[in-house]
Amino acid sequence: MGIFEEIIGMFSYSFMVRAIIVGGLVALCASLLGVVLVLKRYSMIGDGLSHVGFGAMAVGLAFNQAPLAVAIPVVVIAAFLLLRVSENSKIKGDAAIGLISSSALAIGMVVNASSSGTNIDLNSYMFGSILAIDKSEMVLCIVLGVVVIGAFAYFYNPIFAITFDENFARATGLKVEVYKTILSVLTAVTIVIGMRIMGTLLISSLIIFPALSAMRVTHRFRQVMIMSVIISMFCFFTGLVASYLLELPTGATIVVSNLCVFVVMTIVGYFRKKA
Amino acid sequence: MSQLLCKNISIAYEKENVVDNLSIAIEQGDYVSIIGENGTGKSSLLKGILGLVSLKNGKVEFGDGLDRKNVGYLSQQNPMQKDFPASVYEVVLSGCLKSKGFRPFFSKKERRLAVANLKKMGMEGYKKSCYADLSGGQKQRVLLARALCATDKMIILDEPVTGLDPVATADMYHLVNKLNKDLGITIVMVTHDIDNALKYSNKILHLHKNNKYYFGPKDDYLIHGGCTDECCAPDVSELPRTLLDEEKITADELKYGPADSECKNPTCQCHHHSLNTKTGGEQ
């Protein structure tokens, strides 16, 4: 059987189709948000939020609640706190993220271990599973994708201004807090959905890698955005196909795919600068 | 009325006042330099004027056809911008944001304005360059062009020459002066460079550690060296009319305003007085 037939065979599984739709949209949203987060030095917030998401899901499952219904509000609140804390608290941003993420992870583990009734496969939460996506999550993800693309298309210029120079944006009368709130809500939702496929420990790579890879080779904001989306989609699909063909864990394969592109882009960028 | 009026403003961080009961009036076409040691609240004052930090007391009023959104701002160098992937044109265009309103894209007029302002700053050849690759002086020119897109009336600058080499510094002062003299744009600038502050500005605001301040014409400042002692209190009749017309501000509150050149207090430590005693001693 040829490789193409195998790839076509992938689509005959309905869970695969869902994973492709949801994962593709998450990769797209994460790459757009990632450019802003990386440039504003909030890269690690993605990591912190996914840990909080893990804790919230574990607690939700222990109390027989739908994991997303618990995780999304909790992670949104955590996103607010982290963005706030990193600005005006005495505990510096990176330390605050370290505190919150390890605490949330620990609480999730403790609650999971002490609730006897449930038997969750923690491994699938840590490292993701393409079997995890159900129909309601797919619908939520499509809505999220439309909102994120719409927001970045319509508010492209204010988003640029806030990313580049928040004080100037505020001085010209831009409602910076409103935009930041919207961005943190979108980031939170993207992470909660994405961590089902990518896993708690790997989702932040979807935010960081595409933006960094794009910045190796291009130096315009608009081009970085577009490039970041292309790279993210490319890495998601190649990673997904590779994991299917070689029977590897999906999340990890996607991260490795991102890493390869990053290395290639770094080399290209280096020689471009030299030339 | 004045273009910018600060009435008894106080700004506090964690209960400690960094700016305390300060009142100034800035007129159209003024070039005001704000000087003083570190920690005397210079940047905080600018941020208070721009609405970036909240005031504990007092009021900032804009007049003469100016409102807060029409003020151009050139902030202190932001280390985050060092590797920011943006073209010069993208940066300058972002200054047009407030006129754009809710349209998602910039109009032709705004694009033309951005290019025209780049030209005014002598940076039109760098339109497509990467902002992060420019030299410090060039970056400041680009940010000035951006500020010009936001205003044609007043630009507020926070230490614009920090980190620039002497040539770029002189160049920056020359440019700002040109904006002030040729285009009539009001300049309010925080600086550590007292020589250039005295060379170009017409008014000085000197903030002292004890929250006292001197605000007045440069010529008076030269005589008194920013003395805030009561002996150097101004003749009330010389105060800007606009300030006296505002009912709540009394001449007493403005006692640290422009100074009378004849200092009669024998215990005064002001520059003017010590000069007098020195020359007196030699005779």
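Visitor: What makes the meeting of the side chains of B:Lys59 and B:Glu61 a salt bridge?

Guide: Good place to start! The two side chains come to 3.4 Å, N to O. A salt bridge is a side-chain nitrogen of Lys or Arg within 4 Å of a carboxyl oxygen of Asp or Glu, so the pair of B:Lys59 and B:Glu61 qualifies. Before we go on, a word on the model: it is predicted, so local features need pLDDT of at least 70 and side-chain atom pairs count only at pLDDT 80 or more, while totals for chains, interfaces and linings use all residues. Residues are numbered from 1 along each chain as its sequence is written, chains are lettered from A and ligands numbered from 1 in the order in which they are written, and side-chain values use heavy atoms, with hydrogens and water left out.

Visitor: Why is B:Glu61 called buried?

Guide: Buried means under 20% relative accessible area, exposed over 50%, and partly exposed in between (1.4 Å probe, protein chains only). B:Glu61 has 19%, so the word is buried.

Visitor: Where does the pair of B:Asp83 and A:Arg41 cross between chains?

Guide: The side chains of B:Asp83 and A:Arg41 meet in a salt bridge at 3.2 Å, N to O. B:Asp83 is in the loop between strand E5 (71–74) and helix H2 (88–93) of chain B, and A:Arg41 is in the loop between helix H2 (14–39) and helix H3 (43–62) of chain A. B:Asp83, at 45%, is partly exposed, and A:Arg41, at 43%, is partly exposed too.

Visitor: What is in contact between the two chains, and how much area is buried?

Guide: With contact meaning heavy atoms within 4.5 Å, 27 residues of chain A are in contact with 34 residues of chain B. The buried area is about 2700 Å², of which carbon and sulfur atoms give 63%. That area is the accessible area (1.4 Å probe) that two parts lose on being put together, summed over both.

Visitor: Which three residues supply 26% of the area that chain A buries against chain B?

Guide: They are A:Asn157, A:Phe164 and A:Phe168, which supply more than any other three residues.

Visitor: Why is A:Ser205 counted as buried?

Guide: A:Ser205 has 10% relative accessibility, so buried applies. A:Ser205 lies in helix H11 (residues 203–217) of chain A. Not counting residues up to four places away in sequence, A:Ser205 touches A:Met198, A:Pro210 and A:Val255.

Technical notes. Helix = DSSP H or I, 4+ residues; strand = E, 2+ residues; numbered from the N terminus.
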